[in-house]
Protein chains: 2
Amino acid sequence: MPIGMVFAEKGGVFGMETMGRHVIAELWNCPEEKLNDMQSIERIMVNAALEAGAEVREVAFHKFAPQGVSGVVIISESHLTIHSFPEHGYASIDVYTCGDRIDPNVAADYITKALSAGRLEAIEVPRGVGPIQLDDVRVRGFETNVL
Amino acid sequence: MPIGMVFAEKGGVFGMETMGRHVIAELWNCPEEKLNDMQSIERIMVNAALEAGAEVREVAFHKFAPQGVSGVVIISESHLTIHSFPEHGYASIDVYTCGDRIDPNVAADYITKALSAGRLEAIEVPRGVGPIQLDDVRVRGFETNVL
């Protein structure tokens, strides 16, 4: 990609192209059967990417024995990943989007609803803009009935 | 997985199985040609996983036009991802490992060296242990000639 805009921040000059938003989401109290259905999880993750306006490039999922699913959707704008622990009602989600066109929280919230999570805890980490400052990390958490 | 040990932390009881360490690493000043060689990057990411003692399950990589590579290695213990921006000498890395058997920093440092990054900025986020507390996020950054 040619360098478009550049901006100076925290003592460096970075291209707008490297700027990204990375949402790290912890989903708790999900129904066990939803977290063990690989086909459904794959569909949810792809739909979450599309819902946010991302372009899907590669999809790879893996079902563990006796339970649990891991998977990734590579999008033009970076990636979405999931690791599910059905026996704990827990799913670990990442939604990382480059640029400022897409809001990764749209995908994270879609997944939260689709997996019927009872609770979402999330942080948003800025990527590609130099040293990560914890002051820039946004924390978000709620019971999902407010979604 | 059957529930083995459980531990109480931050007001909740979580299974040891959900506990993970997620290293978010920003690599700067990498040689442009290294960041545009998909086959080499794929080999580096797989070797990084193996070096850390992880078990590789799925591999998916994508080469963008005119440049840039995105890819993921799904491991039994979670995942490694990379997004490269050759024109900025920047690679965005994630190494997420469940359990306490594997140190994700081993893989992150392997990738940093293999891509000849001039600078590494990293944070380590605890996963799967309840609400993410920023106090628990470990920050690490250095010029890579100290590696």
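Q: What makes strand 8 (residues 119-127) of chain A largely enclosed by the rest of the structure?
A: Eight of its nine residues are buried, so strand 8 of chain A is largely enclosed by the rest of the structure. Buried means under 20% relative accessible area, exposed over 50%, and partly exposed in between (1.4 Å probe, protein chains only). Strands are DSSP runs of E of at least two residues and helices are runs of H or I of at least four, numbered from the N terminus.

This is a predicted model, in which local features need pLDDT of at least 70 and side-chain atom pairs count only at pLDDT 80 or more, while totals for chains, interfaces and linings use all residues. Residues are numbered from 1 along each chain as its sequence is written, chains are lettered from A and ligands numbered from 1 in the order in which they are written, and side-chain values use heavy atoms, leaving out hydrogens and water.

Q: How do you know that strand 3 (residues 20-28) of chain A and strand 8 of chain A pair?
A: Two strands pair if DSSP finds at least two bridges between them. Strands 3 and 8 of chain A have nine, in the antiparallel sense, and Ala25(A) stands opposite Ala122(A) in strand 8. Strand 8 of chain A also pairs with strand 9 (residues 138-143) of chain A, antiparallel over six bridges. There Leu120(A) stands opposite Phe142(A) in strand 9.

Q: Why is the largest set of 31 residues called a nonpolar core?
A: The term is used because such a set consists of buried Ala, Val, Leu, Ile, Met, Phe, Trp, Tyr and Cys residues joined through side-chain atoms within 4.5 Å. In the largest core, Leu27(B), Leu80(B), Ile111(B) and Leu115(B) touch the most other members. Helix 1 of chain B gives the largest share, six residues.

Q: Which residues is Ile111(B) in contact with, leaving aside its neighbours within four places in sequence?
A: Contact means heavy atoms within 4.5 Å. Ile111(B) is in contact with Leu27(B), Ile44(B), Met45(B), Ala48(B), Leu80(B), Ile93(B) and Val95(B). Another core, of 30 residues, lies apart from this one and includes Val69(A) and Ile111(A).

Q: What makes Asp94(A) and Arg127(B) a salt bridge?
A: A salt bridge needs a side-chain nitrogen of Lys or Arg within 4 Å of a carboxyl oxygen of Asp or Glu. The closest N and O atoms of Asp94(A) and Arg127(B) are 3.0 Å apart, so the pair meets the rule. The count between chain B and chain A is four salt bridges.
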